[in-house]
Amino acid sequence: MEFMKECFADLHIHVGRTIHNRPVKITASRSLTISSIMEEALHHKGMHMVGVIDCHSPEVQEEIDLRIKEGTVRELPGGGYRYTSEKGEITMIAGVEIELRIGRGAAHFLAYLPDRTSFASFRQWYATKVKNVHLSTQRMYADLAQLIEQVEIHGGIILPAHAFTPHKSIYGACVDELSSVVDVSRLAAIELGLSSDSRLADGIGELRSLTFVTNSDAHSTAKIAREYQNLYIKEANFTELVRALRREGGRCVAENYGLHPQLGKYYRTRCTNCDELVAQTDSPRCPYCGKEGKSVITKGVYERFLEISTQAPGTHPPHRPPYRYHIPLEFIPGLGPGRMKKLLAAFGTEMNILHHASYEQLEGAVGEELAARIERSRTGDVTFLEGGAGIYGKISME
């Protein structure tokens, strides 16, 4: 078997602004640009690969072209782009997030393309199907079959984004069965989303053949790598990513790292008016505050899984890798900017802090109390206050 390398990858990061300070993802941070993504992901997070969604925007492509001209970015023979700085290298995979009307709702999909030539050609078609090619996650006036066909023609891959969240997702808002609208074998993978995990998703039998991916859907640099996967691949490029998702030649997603679903902001059904968790999901009236309306009760991912699962949760196929519950450092009580600076000075990146630093090394850097909290977060020795209706869950170390 060929030698495989560890590759930490977060494949869903948005662009907030272009180099001309024009918006791309309206809800994303103004500081989130191609350059800031590369710097944060490489120097602070310790990623080896990032998928930058919104590379369809002409001004985002303009920045990529500028960085290539400057020599900080180069196209890779196997697809993708390599960003180089004095501190190292990171691979960028260019993607686009697209909204489609399907069934009773709307769903988001992620498409990734190998190079500038394929993206330029795809963009010509894409621009005729959306109202504003400069903005992120535009509603496409085409059907899913047409989109898949165009992505495949241009050598790309496609997968459903945050597939179980109550808003803008294939299972959360559109259909009970993915196979009712697409041949699942034409999908490269399925993105779980912040409020689900492999155990829950493997309760849906039709997903047995698909690879699961876990990504941040970052709207700010701080959120990069809050979820990610460890790929086993030979080189960090587009071709190897595709082979890992298809589990070819020893390549694979070796581990998924994600928030515990209870930390996700859509895990449980909750009233948006009084913030109470609600057991029932079939009534528009909150049993606590009495408010009624379509937008009052937001059905949680957990309750949605109870509706659509076809087998017991955790019925994992042999190829399913471990799902490691990952608590981002920002969730740990007492870990403020000052102590974070000390940790980064000692260990370089968040990946080193989370995966490689020993307890004794952590204790030497930030003291016994905080080292113990980080260690408890790494082993899952915490309790959760469940999230829902757009409110993140919290951890308790009492």
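Predicted model: local features only at pLDDT ≥ 70, side-chain atom pairs only at ≥ 80, totals over all residues.
Local features need pLDDT of at least 70 and side-chain atom pairs count only at pLDDT 80 or more, while totals for chains, interfaces and linings use all residues. Residues are numbered from 1 along each chain as its sequence is written, and side-chain values use heavy atoms, with hydrogens and water left out.

The structure holds ten aromatic pairs. Rings of Phe, Tyr and Trp (its six-membered ring) pair if their centres lie within 6.5 Å; planes under 30 degrees apart are stacked, over 60 edge-to-face, and the rest tilted. One of the pairs is Phe122 with Trp125, which is tilted, at 5.8 Å centre to centre and 50 degrees between the planes. Both residues lie in helix H3 (residues 116-127), three residues apart, about one turn of the helix; helices are DSSP runs of H or I with at least four residues, strands runs of E with at least two, numbered from the N terminus. Phe122 is buried at 0% relative accessible area, and Trp125 is buried at 17%, where buried means under 20% (1.4 Å probe, protein chains only). These two rings also belong to one aromatic cluster with Phe119 and Tyr126.

Phe164 and Phe305 form another tilted pair, at 4.6 Å between centres and 40 degrees between planes. This pair links distant parts of the chain, 141 residues apart: Phe164 is in the loop between strand E7 (157-160) and helix H5 (170-174), and Phe305 is in helix H8 (residues 301-308). Phe164 is buried at 2%, as is Phe305 at 3%.

Charges also sit over rings, meaning that NZ of Lys or CZ of Arg is within 6 Å of the ring centre and within 35 degrees of the ring normal. Lys223 has its charged end over Tyr392, 5.6 Å from the ring centre. Arg320 lies over the face of Phe212, at 3.5 Å from the ring centre.

Definitions and conventions: Buried < 20%, exposed > 50% of the residue type's maximum accessible area, 1.4 Å probe, protein only.
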